[in-house]
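Me: I am new to this structure and would like to learn how to read its salt bridges. Could you take me through them step by step?

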Amino acid sequence: MISEELQSLLLKYAEPEDALLQHIDRETHLKVLMPRMLSGHYQGRVLSMLSKMIGARRILEIGTFTGYATLCLAEGLTDDGLIYTLDINAELEDMVRGNFAKSPLNPKIKYIIGDAQQSLQHIDEVFDLVFIDADKKNNGTYYQLIFDRVRPGGIIIVDNVLWSGKVLGGAQDKDTKNISNFNDEVAKDQRVEKLILPVRDGLFVIRKK
């Protein structure tokens, strides 16, 4: 959505990645299908900043992939904080657990493999921050499932809401329509304040009133 020149400028003035995040980025691009699903340097710094700004004690992430965003979000956790990260892809489990094991934040990470809708039934927490970055057709389902479990003033972040710009052109494929419909529903939701940040593929930042 932005030029390579602007992307380079943004990275120039962003906080650097640590060595582990660089390793995860590199290994994901070398070994994993669809590596563009990884949040990457700039978006990772945005997630880290938002987590730190609200002083998150409990975070929920739906969609772990290779763990890059998980570690960025975990940077903002309080001393007694935890992040629950849910993913259905068991094939990546060994790689992800290996990545987490290299981080001093590992004790704060609860990594759960399985269907997210079922996993949520076994988590009894109120969340300060939720990051939804999983199967896009279920954005609305996840949003409704977690809404009452987010504290007033808490933040919900939904990734890929610009969908490579397809939402601008009125594309009629199923994925684009699902994302556009979700965006429209959030826009009408009077329980929240909201805006879309044109970061990477679009981050919907939603604050519960």
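Reply: Let us begin with the general idea: a salt bridge is a side-chain nitrogen of Lys or Arg within 4 Å of a carboxyl oxygen of Asp or Glu. Please keep in mind that this is a predicted model. In it, Arg 151 forms a salt bridge with Asp 128, and the closest N and O atoms of the pair are 2.6 Å apart. This pair links distant parts of the chain, since Arg 151 belongs to strand 5 (residues 150-159) and Asp 128 to strand 4, 23 residues apart.

Me: Is Asp 128 buried or exposed?

Reply: Buried means under 20% relative accessible area, and Asp 128, with a relative accessible area of 11%, is therefore buried.

Me: How many salt bridges does a search of the whole structure find?

Reply: The search finds 12 salt bridges. One of them joins Glu 125 to Arg 58, with the closest N and O atoms 3.1 Å apart. Glu 125 lies in the loop between helix 6 (116-119) and strand 4 (127-132), while Arg 58 lies in strand 1 (residues 58-62), so the pair ties together parts that are 67 residues apart in sequence. Glu 125 counts as buried at 17% relative accessibility, and Arg 58 counts as buried at 9%.

Me: Which residue forms a salt bridge with Glu 193?

Reply: Glu 193 pairs with Arg 207, the closest N and O atoms being 2.7 Å apart. Here strand 6 (residues 192-197), which holds Glu 193, is linked to strand 7 (residues 203-208), which holds Arg 207. Glu 193 is partly exposed at 40% relative accessible area, and Arg 207 is partly exposed at 37%.

Notes:
Residues are numbered from 1 along each chain as its sequence is written. This is a predicted model: local features need pLDDT of at least 70, side-chain atom pairs count only at pLDDT 80 or more; totals for chains, interfaces and linings use all residues. Side-chain values use heavy atoms; hydrogens and water are left out. Helices (H or I, at least four residues) and strands (E, at least two) are DSSP runs, numbered from the N terminus. Buried means under 20% relative accessible area, exposed over 50%, partly exposed in between (1.4 Å probe, protein chains only).
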